[in-house]
Amino acid sequence: MWAEKYRPKSTKELFGKELSVAILKDFITNFKKQDKKAALLYGPSGCGKNSLVNALCAELGYEVIEFNASQLRDAIMIKEILKPATQQQSLFSKAKIIFIDEAEAFSGEDRGGLQAVISLLEETKWPIVFAANDLWNKKLNDLRRETEPGEVKRLDFADITKILERIC
């Protein structure tokens with residue numbers, strides 16, 4: 001697919017995202033010293049939240065364990081799937097990031113899913129990064145209090161032009 005073929009492979013290819021890269025890199029590299037064990041990247045759909053996480057992890061040599069929040073809707077799924085990922089070493093003994101996309105998928109109808117995720121933040125051995133479109137979505141109230149926020153802005157026309165020139 002075209003979008004995957006030209007997806008940024010390093011943070012140098014993330015035009016207009018320097019501040020977001022710096023914030024997330026600082027969070028990941030200083031994870032053990034942080035009070036908060038998760039970051040919440042937010043910004044409009046298609047602004048590059050996934051690309052940012054994947055490019056930064058590739059640069060730092062981290063493995064990305066990716067989930068969609070809709071897969072983790074109840075406490076049982078959290079305990080069976082996510083909890084082991086927060087505790088175990090990666091298969092190749094690399095550092096890892098647990099990336100949970102579409103955090104708005106956690107909702108009031110969940111069977112304890114969001115609360116189970118929040119309880120994991122206290123005991124995780126690895127940084128957790130959530131991605132959401134709207135930081136102020138009321139579904140994210142509890143999660144927002146427990147995470148370090150980081151905005152990812154939409155690209156402006158000058159940055160889009162640079163990207164298209166690189167591709168051409």
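Q: Which side chain does Lys162 meet in a salt bridge?
A: That would be Asp159, with an N to O distance of 3.9 Å. Keep in mind as we go that this is a predicted model.

Q: Where do Lys162 and Asp159 lie?
A: Both are in helix α7, three residues apart, which is about one turn of the helix.

Q: And is Asp159 buried or exposed?
A: Asp159 is buried, because its relative accessible area is 11% and the cut-off for buried is under 20%. Lys162, at 41%, is partly exposed.

Q: Why would two such side chains pair up at all?
A: In general, side chains of opposite charge can pair when their charged atoms come close.

Q: How many salt bridges are there by this rule?
A: The count comes to four. Another of them joins Arg166 and Glu13, whose closest N and O atoms are 3.9 Å apart. That pair links distant parts of the chain: Arg166 belongs to helix α7 (residues 157-167), while Glu13 sits in the loop between α1 (2-5) and α2, 153 residues apart.

Q: What does Arg166 count as, going by its accessibility?
A: Arg166 counts as partly exposed, at 36% relative accessibility. Glu13 also has a value to give: 23%, so Glu13 counts as partly exposed.

Q: Which residue does Lys83 form a salt bridge with?
A: Lys83 pairs with Glu123, and their closest N and O atoms are 3.5 Å apart. Lys83 is in helix α4 and Glu123 is in the loop between α5 and β4, so this bridge ties together parts 40 residues apart in sequence. For Lys83 the relative accessibility is 35%, so Lys83 counts as partly exposed. Glu123, at 37%, counts as partly exposed.

Q: You mentioned α4. Where in α4 is the kink?
A: The kink is at Ile81, shortly before the proline Pro84, and comes to about 35°. The helix itself runs over residues 75-87.

Q: Which residues of α4 are buried?
A: They are Ile78, Leu82, Ala85 and Thr86. Their cover includes β2 (63-68), β3 (96-101), α5 (113-121) and β4 (128-132).

Q: OK, on to α5. How many of its residues are buried?
A: Seven of the nine, so α5 is mostly covered. The buried ones are Gly113, Leu114, Ala116, Val117, Ile118, Leu120 and Leu121.

Q: What do those buried residues of α5 pack against?
A: They pack against β1, α4, β4 and α6 (141-146).

Q: Changing topic: how many cavities of 30 Å³ or more does the search find?
A: One, from a search of the whole structure. The volume of this largest cavity is about 40 Å³.

Q: Which residues line the largest cavity?
A: The lining is made of Ser20, Ile23, Leu24, Phe27, Ala39, Leu40, Leu41, Glu148, Pro149 and Gly150. By class, that is seven nonpolar, two polar and one charged.

Q: And which element gives the largest share of that lining?
A: That is α2, with four residues. At least two lining residues come from each of α2 (18-29), β1 (38-42) and β5 (148-151).

Q: What is Thr147 in contact with?
A: Leaving aside neighbours within four places in sequence, Thr147 contacts Lys36, Ala38, Ala39, Leu40 and Phe130.

Q: One last stop, Phe31. Is it buried or exposed?
A: Phe31 is buried, with a relative accessible area of 5%. You'll find Phe31 in the loop between α2 and β1.

Q: What does Phe31 touch?
A: Not counting residues up to four places away in sequence, Phe31 touches Lys37, Thr124, Lys125, Trp126 and Pro127. As for Ala69, 38 residues from Phe31 along the chain, the two C-alpha atoms are separated by 22 Å.

Notes. Residues are numbered from 1 along each chain as its sequence is written. This is a predicted model: local features need pLDDT of at least 70, side-chain atom pairs count only at pLDDT 80 or more; totals for chains, interfaces and linings use all residues. Side-chain values use heavy atoms; hydrogens and water are left out. On a 1 Å grid over the protein atoms alone, a cavity is a set of points where a 1.4 Å probe fits but cannot get out, and a pocket is an open set with protein on both sides within 12 Å along at least five of seven lines; lining residues have an atom within 4 Å of a point. Grid points are joined across faces, edges and corners, and a volume is the space filled by probe spheres set on the points. Ala, Val, Leu, Ile, Met, Phe, Trp, Tyr, Cys and Pro count as nonpolar, Asp, Glu, Lys and Arg as charged, and the others, Gly among them, as polar. The bend at a residue is the angle between axes fitted to the seven residues ending there and the seven starting there. Buried means under 20% relative accessible area, exposed over 50%, partly exposed in between (1.4 Å probe, protein chains only). Contact means heavy atoms within 4.5 Å.
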